[in-house]
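Please load the model in your viewer and keep the selection panel open.

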Amino acid sequence: MFGTTLVTGATFGVVARQAGLEPIEIAAMSIIVFAGASEFAMVQLFAASAAFPVVVATVFFLNLRHVLMATSLRPQFARLSRARRLAAAFFLTDESFAMATGYFRRGGRSLAYYVTFAVSLYILWDASTIAGIAIGSAIGEPRRFGIDFAITATFVGIVVLAIRRATDVAVALAAVAIAGALALAGASTVAVILAGAVAPLLAVGRPR
Amino acid sequence: MIWAAIIGSGLVTYMVRALPFAVTLPVRLPAPASRYLEALPVAIIAALVGPAVLAPGGTLTHGPEPLAALLVIGLVAWRRSLLIGVIGGVAAVAFLRAIS
């Protein structure tokens, strides 16, 4: 998990730099937002000069799943003070959730263990982003080396790895088709949020 | 604009992470709502792929993107590695551009 974070963080730094963002903006995204897929999505939307409410709305929907994760972790954190719970919430990611779920299910009780893990991921994510910014600044002429495709390839890979069941495939294909069609019709920035909000309806009726 | 987007995105991300820790929500969401929420990330990321692969310049592509995307799907499904997929896809785009 630490290896994946390192590589993805560095890839993000490279891709964001190649997309023309300033190093300070890229570092701020990892430090303030701290959500891998959202940060890649933001770079793509910035490149398409999306208005900031569109960017924020896309990130909001992309991260809405954290409500489910935090809800399922809540009982484990109930013994912490409210202030500490709210601090721990900042470090909740797909990775730390997966780790925490496994750990608590095996009977683990130490919240310090979870917090150490989650904060380490945060530090590693920020450090690898900064390393990626340095690498990205050193590579010239991205198009010639196909590097402009790296962000798209990253999204394709994230989708493939996230597929768990047949409805996921249907949702992904529908989202590609709807967003692609809207982009061809000239609505490329709202294409993402519209297709992203409509396609999951295919999963609503899925049998258990 | 970029800074407004970064700070706004940071706020909404923290909000969805912290909300269930701050207030008591109904213990269980209705099943269809959870299924919708679970499918959201896949849909949004796939929605980012659609325009980038089918219409990278705003019009239907005749370029290497669709082929390279298929290669990435194959590589990632086979090796379960994001990095291998990205390297393969980038190399394919560079190669196809060089020969076209």
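Begin with chain A of this predicted model, which is divided into domain 1 (1-150) and domain 2 (163-208). Colour the two domains separately; their centres, taken over C-alpha atoms, are separated by 23 Å. Next, select the contact between them, to which domain 1 of chain A and domain 2 of chain A each give seven residues. On the side of domain 1 of chain A that touches domain 2 of chain A, helix α4 (residues 52-63) of chain A gives the most, with four residues. By class, this side of domain 1 of chain A has six nonpolar residues, one polar residue and no charged residues.

Now move to helix α2 (residues 23-33) of chain A. Which of its residues are buried? They are Ile26(A), Met29(A), Ser30(A) and Val33(A). These residues lie on the same side of α2(A), because they cover an arc of only 105° around the axis. Display what covers them: the cover includes α1 (2-18), α3 (36-47) and α8 (111-138) of chain A, together with α1 of chain B. Then step past the end of α2(A) to Phe34(A), whose phi is positive, near 50°.

Finally, select the contact between the chains, which takes 74 residues from chain A and 63 residues from chain B. On the chain B side, the elements that give two or more residues are α1 (2-22), α2 (31-54), α3 (65-79) and α4 (82-99) of chain B. The largest share, 22 residues, comes from α2(B). Coloured by class, the side of chain B that touches chain A shows 48 nonpolar, nine polar and six charged residues.

Definitions and conventions. Residues numbered from 1 in each chain as written. Chains lettered and ligands numbered in written order. Predicted model: local features only at pLDDT ≥ 70, side-chain atom pairs only at ≥ 80, totals over all residues. Contact = placed C-beta atoms within 7 Å. Nonpolar A, V, L, I, M, F, W, Y, C, P; charged D, E, K, R; others polar. Domains from an automatic or database assignment. Buried ≥ 20, exposed ≤ 12 C-beta atoms within 10 Å, placed from the backbone. Arc of directions from axis to C-beta.
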